[in-house]
Amino acid sequence: MSPGKVLQPVLKMKVDELFLCWLSQPATQLTLKDCLRRIKNEEKTEIGNGDSGNGKNERFANKNSKQCILGDTRLPLMSFNPPQLSTTLPLATPASPRNISSVRATRRSSGTRVVQTKKEETLPPSLSQNIPTFYFPRGCPKEKVNVDAVIAKIERTFSEFPNERATLEDMGKVAKACECPLYWKGPLFYSAGGERTGYVSVHKFVAMWRKILQTCYDDAAKFVHLLMNPGCNYLVQEDFIPFLQDVVNSHPGLSFLKEASEFHSRYITTVIQRIFYTVNRSWSGKITCNELRKSNFLQNVALLEEEADINQLTEYFSYEHFYVIYCKFWELDTDHDLYIDRKDLARHNDHAISNRMIERIFSGAVTRGRKAQKDGKISYADFVWFLISEEDKKTPTSIEYWFRCMDLDGDGALSMYELEYFYEEQCQKLDNMAIEPLPFEDCLCQMLDLVKPQYEGKITLHDLKRCKLTNVFFDTFFNIEKYLDHEQKDQFSMLRDGEGESQEISDWEKYAAEEYDILVAEEAASDQWNDGYEAELNPVDHQKANVLKYQTEKRPFFEMPSHLADVDLDEYDYEEDFE
């Protein structure tokens, strides 16, 4: 057969095959021989008698007898094509035209009755007309909003400004007139075109806000509409930059950063990654209204107005958390190009992470740019995801992060082979430490008892999300230091930690608080050693005298990064992150 030609079934060949199979049956041959014998006898009797009437009667009787014989001796295979017997034996169908026409009329009438019965059945009216609307991508419309009253309030607010034009500093009052949180002022300003002219006129703002009130019915839809690019219905990472830059410039808890503008981009990058880490549950790199609606991000944005201490907002905006992440990255980034390779990441936490897991991280299983595959490096943004996932393995995102790394074949389940692949290196490290490792069979039994998978022989993502000790499971296979710590703890104490304390403060928050205290203590000790000596590698102390008040001193071994006051996430190759 020529390539490209499509195979098509031939029904006639299959029917012929079944007919030959039926014809070769011994019972079928006996039946046919008997029928042939009766036909021959019928013909001789008809010729000898010469009485046409009697002949017709005999033929009619023989016809009935033949039909009875065929009915009695019919085999299951004969049901494939019953009409063929009548066509091969023409003498066995001497029916009159009148009988045939009556049979046909009967068939037509019965068929007509069936069709008429179907036509008489009237279908009920379409039920879709009675189903109320249940899908509201831009929020469920609430009671009738008096748009004119809201617009009138906004116009009164603009009348307080010169020429009824509001600058970015004035947008706080406008945000309150719109019944929005204070720190929506940046998105409101930029969405109305204030970035181009430096101010917003009352007419442009009213037209913009009226359209939003008429199309967006909850805070999530309004926030996405303010930040998104035209023609989109989602938010990407770059969309958050103007909003966060306004937070850095105006929040009292970040006032010390005004003179250290080179750190604005680092802080903003960290917050953006934490937003996507928590909110973007689909890992698509695009935050939708539904994802934003299900998260607590907008509640944290509202708390920015109430909480003067930025460090109290630990889920997204904490500067202390940024400081810890950036310090850990700076220690590994020896050439300070804001990228680290496999050897750099292997030095994290004194080589605690196995080399096989590091290879998986750089394989592209969890990294968002092509830099990891092309040059074998990951960016600072990728490191934010790594460090949070490494220090808190109980959150949904961190479980998905490490599950993707351990799922070597990408089939959505961890097989026993994959678990053994990672455990082999753990055994080698234990041997090098003169510690006898637990055999894999025994370790596997422990992990299966810990996770209790739904299906035998594999562990799914759903199984791990149901488990309360996923940190113990993951550390067993690729973090030797934490694995030994778990081995020294009592199992009941670990269960208590997993059930009680995790709800009050997360593992990441505990880690960040401890590391920040260590960094501050090291800075204080360094100040005593270098009394009267200005450290060459301290990037902030020479710029802000009262940094200790906010506990934001930088470590003396830091080098001054290049000045990057203008935030540009393109330096991290974000344009290729989600292709």
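Start with the crossing of α25 and α26: α25 passes α26 in a left-handed crossing, meaning the near helix is turned anticlockwise from the far one by less than a right angle. Select residues 470-478 for α25 and 480-488 for α26. Helices here are DSSP runs (H or I, at least four residues), numbered from the N terminus. The axes, lines fitted to C-alpha atoms over the stretch in contact, lie 7 Å apart at about 125 degrees. The two helices are therefore oblique, as angles from 0 to 180 degrees count when they are not under 35, over 145 or 65 to 115.

Now show the side chains. On α25, pick Asn471, Val472, Asp475, Thr476 and Phe478; on α26, pick Ile480, Lys482, Tyr483 and His486. These make the contact, with heavy atoms within 4.5 Å.

This is a predicted model: local features need pLDDT of at least 70, side-chain atom pairs count only at pLDDT 80 or more, and totals use all residues. Residues are numbered from 1 along each chain, and side-chain values use heavy atoms, without hydrogens and water.

Next, select asparagine 163. Asparagine 163 sits in the loop between α6 (147-158) and β1 (165-166); a strand is an E run of at least two residues. Its phi is positive, about 55 degrees, though it is not a glycine. Most residues other than glycine have a negative phi. Asparagine 163 is exposed, at 69% relative accessibility (exposed is over 50%, buried under 20%, partly exposed in between, 1.4 Å probe, protein chains only).

Move to glutamate 179, in the loop between α7 (171-177) and α8 (185-191). Glutamate 179 has a positive phi near 60 degrees. It is exposed, with a relative accessible area of 63%.
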